Amino acid sequence: MDKKYVIGIDYGSDSCRGVIVDTTNGTELASHVFYYPRWQKGLYCNADKFQFRQHPLDYIEGLKAVIVNTVEKVGPEVTKNIVGISVDTTGSTPCAINKEGTPLALLPEFAENPNAMFILWKDHTAVREATEITNYAKTWGGTDYTQYIGGVYSSEWLWAKLLKVIRDDEAVREAAYSWVEHCDWIPALLTGVKDAKAIKRGRCAAGHKVMWHEAYNGLPSEEFFKGIDPLLEGMRDRMFEETYTADEVAGILTKEWAKTLGLPEGVKVGCGAFDCHMGAVGGNIRPKALVKVMGTSTCDILMEDMEIMKDILVEGICGQVDGSVIKGMLGMEAGQSAFGDVYAWYKKLLAWPLKHVPEVQRAEIEKKMLYELEKEASEVDPVESGVIAIDWMNGRRTPYANQNLKGAILGISLGTDAAKIYRALIEATAYGARAIVEQFRKCGAEINEVIAIGGVAKKSPLNMQIVANVLGMPINVAQAEQAVALGAAIFASVVGGVYETVEEAQAHMASPTERVYLPEPKMVKLYNKLYQEYAEIGGFIERGSKLC
């Protein structure tokens, strides 16, 4: 019997990554990374206004590039036995679509309109709208539709972004039949869906970001949406009712796409999900294990038996959804709005004088900067340093989403150097991680271990050791370089009929642990004390923000 292979595609914030994987053992046979060209140029974005938009052409070009290049690397013998494709994306990253399901930015009249493009997860232009949705859900006299998403609606999520756009842009409002998440649009594109209502919507995105829940028989009521703003009238009926877990088939790859990508006809395409949820599967998630996807931001995924969680609502997180990770299990999501982005901001700040240096030299210096900072920061004594930071440089996602919050660095003196500040920033992101763990535990969810995947987990030993000490738990770093794409490949193996369940596929394909960081008792005791200072300072900043 011929071996079977699958393709996993991971759409990140800056690039698209694709892998071809052997379903017998999870071995990666080929991979390719495509950096979004328009995004690289900073087009359609305005960081000062927290506006981050991505053109659908970046996604289409990335899709073609990663599959074509990986297929070329493995050759025809492997290619003819590729049976499934699954896709994960950032989220919530929604876009306005017409009745045929086409993103408006792909139409000539909207080709350069940022409001007609995909609104990236970290776009925070809709803070006001998110607050309105949260407040109305608490006061309108009916069901509190935020109860299963932590009690707070975030500006990072679909309805807030949709409302902001249709208020600001009449042309988009009139042209938009419906809206779609990036993770749902790519499978529809590959399978030739030409009807917005026929797009299969993933349970993951719908439950965590769009307020879909079985208890409501779908989305919140029309009355609820009209009460928020009359402009929302009718949108609910043009969205969706049914949702699908990521182990279900979205459709068959079209003949046109098969030819374009160099794939055999008949390849099955899976329903989409968010990167962190598929990444958790790639990292070998299991009940009571918190998987931290550590990149530009963090996304923290916890999974538990439905029966254990039947009477528990975890407040302040990004939702708890049946089947958002693995069918039949409750998936819970939390995260930090900035993690690696905090370090990237600091590097950019320090590198400001280098803009006067020739580009070749500048690139070489910037490449070494964080490495050298980490080496020196590892020698810093946190007590002697006295510097403490708050990690809300891009607002706070969890606990209790609040994108109005700002970061801070305190305790600076004339003796403070760059390495001391850098260590304080690492410690701040670790404290933010602890706040999430404590929120889960306070509400009754159990966490016994931590699995780390993503770029920061692989590249920064100091960071991982500090996280282990701050959490007081071992950190198991997954071996896979592309654990998120591997997770997509695991789902593709189920979609393609190789395995019956995700758990069975995980047993053969999920990433083993590469390294374990154990907490150091002396540092655990120290960080317990410093975490309390972080919490007190954070509380002061949050109270102050309410007075502004």
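1. A cavity here is a set of points, on a 1 Å grid over the protein atoms alone, where a 1.4 Å probe fits but cannot get out. Grid points are joined across faces, edges and corners, and a volume is the space filled by probe spheres set on the points. By that rule there are four cavities of 30 Å³ or more.

2. Some ground rules: this is a predicted model, where local features need pLDDT of at least 70, side-chain atom pairs count only at pLDDT 80 or more, and totals for chains, interfaces and linings use all residues. Residues are numbered from 1 along each chain as its sequence is written, and side-chain values use heavy atoms, leaving out hydrogens and water.

3. The largest cavity has a volume of about 40 Å³. Its lining (residues with an atom within 4 Å of a point) includes Asp-184, Pro-187 and Lys-200. Helix H7 (residues 182-190) gives the largest share, three residues; helices are DSSP runs of H or I, at least four residues, numbered from the N terminus.

4. Now look at helix H11 (residues 275-282): eight of its eight residues are buried (under 20% relative accessible area, 1.4 Å probe, protein chains only), so H11 is largely enclosed by the rest of the structure. Among them are His-277 and Met-278. Just after H11, Asn-284 has a positive phi of about 75 degrees.

Note on methods. Buried < 20%, exposed > 50% of the residue type's maximum accessible area, 1.4 Å probe, protein only. Helix = DSSP H or I, 4+ residues; strand = E, 2+ residues; numbered from the N terminus. 1 Å grid on protein atoms, 1.4 Å probe; cavity = no way out; pocket = protein on both sides within 12 Å on 5 of 7 lines; lining within 4 Å.
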